Amino acid sequence: MIYTVTLNPSLDYVVGVEHFEIGKVNRTSREEIFYGGKGLNVSAILARLNIESCALGFVAGFTGKEILRGVGSLGFRSNLLWVNKGRSRINIKLKSDQETEINGCGPEIEREDLERLFTQLEEMKNGDVLVLSGSIPSMISHHIYEEIMRRLEGRGIRTV
């Protein structure tokens, strides 16, 4: 089984604006919403290739509810963990003469939440693959991927 980890999934709100001007009212020429996060993207591509995967990570708030609803339609399993503080990110992607991004910060992930993720990872078996990708929320150590790999060391789990 392939597992993907997205610590900070998002709703990506992509808008097109012809000749965006700061300080003015700008009207969109197109709008799209995507379920974002690098691990979710990996799972979505694997689903298109008819390869089974399971997405892990954290969601919160009304945006987290929408992410949970939406990933169910993308053709892969998910076991995203609910956290109680904050909300999952909304990232704004402005497409105009230049591209601009405003990325939200995401929910508050506490140590107990990380422990629940570690418990999920303990269920992985020899031969499984774990894909670790995407941004790391600011309240989590930037060494989290290394910590996860250390916990899995010697178990025959391949990591990407």
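Select Glu147 first. Leaving out residues up to four places away in sequence, Glu147 touches Arg111 and Phe118. The model is predicted. Glu147 sits in helix α4, which spans residues 144–152. Is Glu147 buried or exposed? Its relative accessible area is 17%, so Glu147 is buried, the cut-off for that class being under 20%.

Side chains of opposite charge can pair when their charged atoms come close.

**Across to helix α3**

Keep Glu147 on screen and pick Phe118. Phe118 belongs to helix α3, residues 111–122. Phe118 counts as buried because its relative accessibility is 3%. Show its contacts, skipping neighbours within four places in sequence. The partners are Arg111, Ile144, Glu147, Ile148 and Arg151. Draw a distance from Phe118 to Arg151.

How many salt bridges does the count come to? The count is 11.

- Select Glu110 and Lys85. Their side chains meet in a salt bridge, 2.8 Å from N to O. This pair links distant parts of the chain, 25 residues apart. Glu110 is in the loop between β8 (99–103) and α3. Lys85 is in the loop between β6 (81–82) and β7. Glu110 is partly exposed at 27% relative accessibility, and Lys85 is partly exposed at 39%.
- Go to Glu99 and Lys95. The closest N and O atoms of this salt bridge are 3.0 Å apart. Glu99 is partly exposed, at 48% relative accessibility. Lys95 is also partly exposed, with a relative accessible area of 29%.
- Finish with Arg155 and Glu122. Here the closest N and O atoms are 3.7 Å apart. Arg155 is in the loop between α4 and β10 (158–159), Glu122 is in helix α3, and the two are 33 residues apart. Arg155 is partly exposed, with a relative accessible area of 25%. Glu122 is partly exposed too, with 44%.

**A nonpolar patch**

Switch to a surface view. Select Phe62, Ile90, Ile92 and Ile102. These residues form a nonpolar patch on the surface. Their accessible area comes to about 390 Å² together. Zoom in on Ile92. Strand β7, residues 89–95, holds Ile92. Ile92 counts as partly exposed because its relative accessibility is 33%.

Return to cartoon and select Ser43. Ser43 has its place in helix α1, residues 38–48. Is Ser43 buried or exposed? It is buried, with a relative accessible area of 0%. Which residues does Ser43 touch, not counting those up to four places away in sequence? They are Thr4, Ser53, Cys54, Ala55 and Phe76.

Next, pick Arg69. Arg69 lies in helix α2, residues 61–71. At 54% relative accessibility, Arg69 counts as exposed. Draw a distance from Arg69 to Tyr35. The C-alpha atoms are separated by 10.0 Å, for two residues 34 apart along the chain.

**A loop stop**

Select Ser135. Ser135 is in the loop between β9 (129–132) and α4. Ser135 is partly exposed, with a relative accessible area of 37%. Setting aside neighbours within four places in sequence, Ser135 is in contact with Leu7, Asn8, Arg89 and Tyr145.

**Zoom out**

Show the whole chain and colour by secondary structure. There are four helices and 10 strands. From the N terminus on, the order is β-β-β-α-β-α-β-β-β-β-α-β-α-β. The C-alpha atoms fill a box of roughly 55 × 35 × 25 Å along the principal axes.

Colour by burial instead. Buried residues make up 44% of the 160 residues. The accessible surface comes to about 9,200 Å², and 51% of that belongs to carbon and sulfur atoms.

Last, select the charged residues. The mean positions of the 20 positive and 21 negative charges are 2 Å apart.

Conventions. Residues numbered from 1 in each chain as written. Predicted model: local features only at pLDDT ≥ 70, side-chain atom pairs only at ≥ 80, totals over all residues. Heavy atoms only, no water. Patch = residues over 30% accessible without salt bridge, like charges linked within 9 Å, V, L, I, M, F, W, Y side chains within 5 Å. Areas by Shrake-Rupley, 256 points an atom, 1.4 Å probe, with all protein chains shown as cover. Salt bridge = Lys/Arg side-chain N within 4 Å of Asp/Glu carboxyl O. Buried < 20%, exposed > 50% of the residue type's maximum accessible area, 1.4 Å probe, protein only. Lys, Arg positive; Asp, Glu negative; His and termini not counted. Charge placed at Lys NZ, Arg CZ, Asp CG, Glu CD. Contact = heavy atoms within 4.5 Å.
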